[in-house]
Amino acid sequence: MTGKQGRQWRSMCKGLVLGTLLTSCMILLYCLSTPQIHFSLPEVPVPYSCAHRPSQHHPKPTANSSQQTTGQTCTPKVDIMFMKTHKTASSTFLNILFRFGEKHRLKFAFPDSRNDFFYPSLFQRSQVKDYRPGMCFNVICNHMRFNAPEVAKLLPMDTSYITILRDPAELFESSFHYFGRLVPFTWKIPGDDKLTEFLHDPHYYFDPEGFNSFYLKNLLFFDFGQDNTLELDDPQVEKGIKFIIGRFQLVMLVEYFEESLILLKDALCWDMDDLLFFKLNARKGSTVSKLTPELRARALDWNAIDWKLYQHFNQTFWKKVDVYGRQRMAKDVAELKRRNAEMASICIEGGRAVEAGSIQETAMQPWQPIGEKSIMGYNLKKNVDKAHRKLCRKMLMPELQYLTELGVNLWITKLWGHVRDIINW
């Protein structure tokens, strides 16, 4: 072995040892920081609604059979449960929800010390920061593994339940890229194209009991609190899907994000200005694996439960669009895109997202996956006029920074971030 090879091996061994030690410490900290589950919490009913009264009334156009609109008034709905699924543009929607919450001075049910509700454990009310039975919250929206009975005991009766889905093949590709290094059984997959190798024989590599294995099989179904390792013909699959159908009033789709927002606006009586957004947590194109038709078919077969779930809500989504009116929808989507483009010209330096290394302000750096900097972000224009400066900054702000601004203590998340920076992955 040459001197250069010896140094490389020693460096690799040191990195592995350091990484193992630090990761073990972080897992221990996560475990120690998990709040005690209080099984005997008193059952104090929450109010029917936590909305502020009186609320402002908005005109609500409704389409008649001839696609003409008639004016009505409605009250904006502010009691919201957003089930934040993984790798589904949910961070973009969270930014919309944060701004709406600030606008209406809503009370968020936030986690304590980190940015999720101790995922992947099932959600418990006791995980909410400063929770006391009977407290009145308007919004809960951070990552959780859905646990309907516990959520229902936290939120008022008139809460609107909303979530978002993504084509399972594309979601699997994104999840494999983002979380793959956190799933130990992927480390033994040979070659540079681990995704392709895995999909050619997933049963050989997949360990259902493996650490973090849920990230790589039916992740949507898992996020909803269901068993992601079931066979497609298991009766529990149909039962789980029916449960989701009965619980969520609006299921948005990533592939039709603007249309989803228009349906949300209609269902919750929001303003068009409430829907303005910039895409957050987007990956640079060079890191996205282009799935061939064969790999796409394999990914859908491997995530067959998620595919069944997605197909159902894709059908119901377009039924909602038909009720809303196709022409009306096209007009409103065009208006939303126009307003977003206008805001981009006002707020964003260069008018587009840039790679992590080109983001000038540290406070605007998005969270990156281990081993690379593939998540893009934005530079705020230096000469934004006073009228738009605050809005622009909030629209461009990554999720963790926005949570901190809203008063969430993220010491565990930040500590883990420092550890990741130290390790030379």
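Is Cys-74 buried or exposed? In this predicted model, Cys-74 has a relative accessible area of 14% and is therefore buried, the cut-off being under 20%.

## The Cys-74 to Cys-269 disulfide

Cys-74 is bonded to Cys-269, with 1.7 Å between the sulfur atoms. The S-S torsion of this pair is about 80 degrees, so the disulfide is right-handed. The bond links distant parts of the chain, 195 residues apart: Cys-74 belongs to strand E2 (residues 69–74), while Cys-269 sits in the loop between helix H9 (257–268) and H10. Cys-269 is buried, at 6% relative accessibility.

## The other disulfides

A search of the whole structure gives three disulfides. With bonded cysteines counted along the chain, their pattern is 1-3, 2-4, 5-6.

Cys-50 and Cys-136 are joined with their sulfur atoms 1.7 Å apart. The torsion about their S-S bond is about -110 degrees, so this disulfide is left-handed. Cys-50 lies in the loop between helix H1 (3–33) and strand E1 (58–63), and Cys-136 in the loop between H2 and E4, so the bond ties together parts 86 residues apart in sequence. Cys-50 is buried at 10% relative accessible area, whereas Cys-136 is partly exposed at 27%.

Cys-347 and Cys-392 form a disulfide with an S to S distance of 1.9 Å. A torsion of about -65 degrees about the S-S bond makes this disulfide left-handed. The bond connects helix H12 (residues 326–347), which holds Cys-347, with helix H13 (residues 386–396), which holds Cys-392; the two cysteines are 45 residues apart. Cys-347 is buried, with a relative accessible area of 0%, and Cys-392 is buried with a relative accessibility of 0%.

## The parallel sheet

An open sheet of four strands has the order E4-E3-E5-E6 and parallel pairing. Strands E4 (139–140) and E6 (250–253) stand at the edges with a single partner strand each, so one side of each has no neighbour in the sheet. E5 (residues 160–165) pairs with E6 over four bridges, and Ile-164 stands opposite Met-252 in E6.

Helix H2 (residues 90–103) packs on the sheet and touches E3 (80–83), E4, E5 and E6; its direction makes about 165 degrees with that of E3. Helix H11 (residues 304–324) lies across E5 and E6, at about 100 degrees to E6.

## Packing of H4 and H10

Helices H4 (residues 168–179) and H10 (residues 293–302) pack with their axes 8 Å apart and at an angle of about 90 degrees; they are therefore roughly perpendicular. Pro-168, Ala-169, Glu-170 and Phe-172 in H4 meet Arg-296, Ala-299, Leu-300 and Trp-302 in H10. By class, this contact has six nonpolar and two charged residues, with no polar ones.

Note on methods: Residues are numbered from 1 along each chain as its sequence is written. This is a predicted model: local features need pLDDT of at least 70, side-chain atom pairs count only at pLDDT 80 or more; totals for chains, interfaces and linings use all residues. Side-chain values use heavy atoms; hydrogens and water are left out. Two strands pair if DSSP finds at least two bridges between them. Contact means heavy atoms within 4.5 Å. Axes are lines fitted to C-alpha atoms, for helices over the stretch in contact, and angles run from 0 to 180 degrees between N-to-C directions. Angles under 35 degrees count as roughly parallel, over 145 as roughly antiparallel, 65 to 115 as roughly perpendicular and the rest as oblique. Ala, Val, Leu, Ile, Met, Phe, Trp, Tyr, Cys and Pro count as nonpolar, Asp, Glu, Lys and Arg as charged, and the others, Gly among them, as polar. A disulfide is a pair of cysteine sulfur atoms within 2.5 Å. Buried means under 20% relative accessible area, exposed over 50%, partly exposed in between (1.4 Å probe, protein chains only).
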